[in-house]
Amino acid sequence: MKIPDDVVKKIATAKSIVFFTGAGVSAESGIPIFRGKDGIWNKLKPEELANFNAFLRNPEMVWEWYNHRKQIIHQSMPNQAHLSISEFQKYFPDVSVVTQNIDNLHRRAGSKTIYELHGNIERNYCINCGTFYNEELPFEGRVPKCKCGGLIRPDIVWFGEMLPEKEFSSAEKAISCCDIFFIIGTSAVVYPAASLIYAAKENDAFIIEINTEETEASKIANQSFRGKAGDILPEILNIVKEEISK
Ligand code: BJW
Ligand code: ZN
């Protein structure tokens, strides 16, 4: 794959880099994406699983789905894309990851500054009193309950729910001063997360998209690479390392 010289130079001279990631960055770790022909939304209806009313209607079904996904996530490992993103920290003073993913793979790969916009599958809380239960919860066909008797739910942002304010505003702050904004493996259709792409554009960041398909973000990216993040990111990192060492 040809990486244009001016793009390599732009990255190599950057001070601040933000990686905005979605499900596609974890696809090569074996975690299914949501949309498109291989997406899980093809088989399951989001409105039946990923909203609060669905949880109240059928908490058993929602918990079964999350336990299944947690199992897949626990069996998975960070891939070359997560590892390359983490390695960028060695060469640049200010690197942050703004992720829509709930799978912890950026953390496991060693990234230090991570803003999780849609929650984290390892955290759970009581819908009644808000107590957090972050350890593995026992689930044997029963919905976990809090000491207070309330239902416990995963700490995931479902449709119609607000994003965690602090994570979102920290992400906005990082984006307001970044030189390079990578958009990796996201269809960029879920808001308000997708609005950050336009914030980066307004802030004059140089926008680089990596995705197997064309997306909404392709329209505003300064440079789009078509292919797997686990192939393209290590290539970019290597050529940037060469440029830095010149
Ligand atoms: C690869 C690859 C490889 C594959 N390498 N690439 C109408 C217009 C605008 C907004 C709305 C609207 N109607 C409703 C809304 C709001 C709604 C929304 O945005 N809906 C749109 C879908 C229409 N948003 C919300 O509800 C949000 N909250 C909100 O707005 O609050 C305000 C409010 C409060 C009160 C009342 C009303 C409003 C909350 C959004 C929460 C999203 N949550 C989910 C989690 C669900 C459950 C779970 O995970 O357990 O987050 S949905 C799901 O989508 C998940 C993801 O984080 C998110 C984004 O998906 P992502 O990451 O982009 O994945 P995919 O699958 O879409 O794309 C993968 C990409 O990877 C593809 O492009 C592939 O090509 C690529 N790829 N392999 C590189 N190897
Ligand atoms: Zn409680």
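Reader: What is the relative accessible area of tyrosine 125?

Author: This is a predicted model, in which local features need pLDDT of at least 70 and side-chain atom pairs count only at pLDDT 80 or more, while totals for chains, interfaces and linings use all residues. Residues are numbered from 1 along each chain as its sequence is written, chains are lettered from A and ligands numbered from 1 in the order in which they are written, and side-chain values use heavy atoms, with hydrogens and water left out. On a scale where buried means under 20% relative accessible area, exposed over 50% and partly exposed in between (1.4 Å probe, protein chains only), tyrosine 125 counts as partly exposed, its value being 21%.

Reader: How many aromatic pairs does the count come to?

Author: Rings of Phe, Tyr and Trp (its six-membered ring) pair if their centres lie within 6.5 Å, and the planes make them stacked under 30 degrees, edge-to-face over 60 and tilted for the rest. By this rule, the number of aromatic pairs is 12.

Reader: Why is the pair of tryptophan 65 and tyrosine 66 described as it is?

Author: Both tryptophan 65 and tyrosine 66 are buried. Their ring centres lie 5.0 Å apart and their planes meet at 70°, so the pair is edge-to-face.

Reader: What is the angle between the planes of tyrosine 125 and phenylalanine 132?

Author: Phenylalanine 132 is partly exposed, with a relative accessible area of 46%. Its ring and that of tyrosine 125 form a tilted pair, 5.5 Å centre to centre, with an angle between the planes of 45°.

Reader: Which residue has its charged end over the ring of tryptophan 158?

Author: A charge sits over a ring if NZ of Lys or CZ of Arg is within 6 Å of the ring centre and within 35 degrees of the ring normal. At 3.9 Å from the ring centre of tryptophan 158, the residue placed in this way is arginine 153.

Reader: Are helices α6 and α10 roughly parallel or roughly antiparallel?

Author: Helices (H or I, at least four residues) are DSSP runs numbered from the N terminus, and their axes are lines fitted to C-alpha atoms over the stretch in contact, with angles from 0 to 180 degrees between N-to-C directions. Helix α6 (residues 80-91) and helix α10 (residues 229-244) have axes 8 Å apart, at an angle of about 20°. Because angles under 35 degrees count as roughly parallel and those over 145 as roughly antiparallel, α6 and α10 are roughly parallel.

Reader: Which residues is serine 86 in contact with, leaving aside its neighbours within four places in sequence?

Author: Serine 86 has its place in helix α6 and is buried, with a relative accessible area of 11%. Taking contact as heavy atoms within 4.5 Å, and leaving aside neighbours within four places in sequence, its partners are Ala109, Gly110 and Ser111.

Conventions. Helices (H or I, at least four residues) and strands (E, at least two) are DSSP runs, numbered from the N terminus. Angles under 35 degrees count as roughly parallel, over 145 as roughly antiparallel, 65 to 115 as roughly perpendicular and the rest as oblique.
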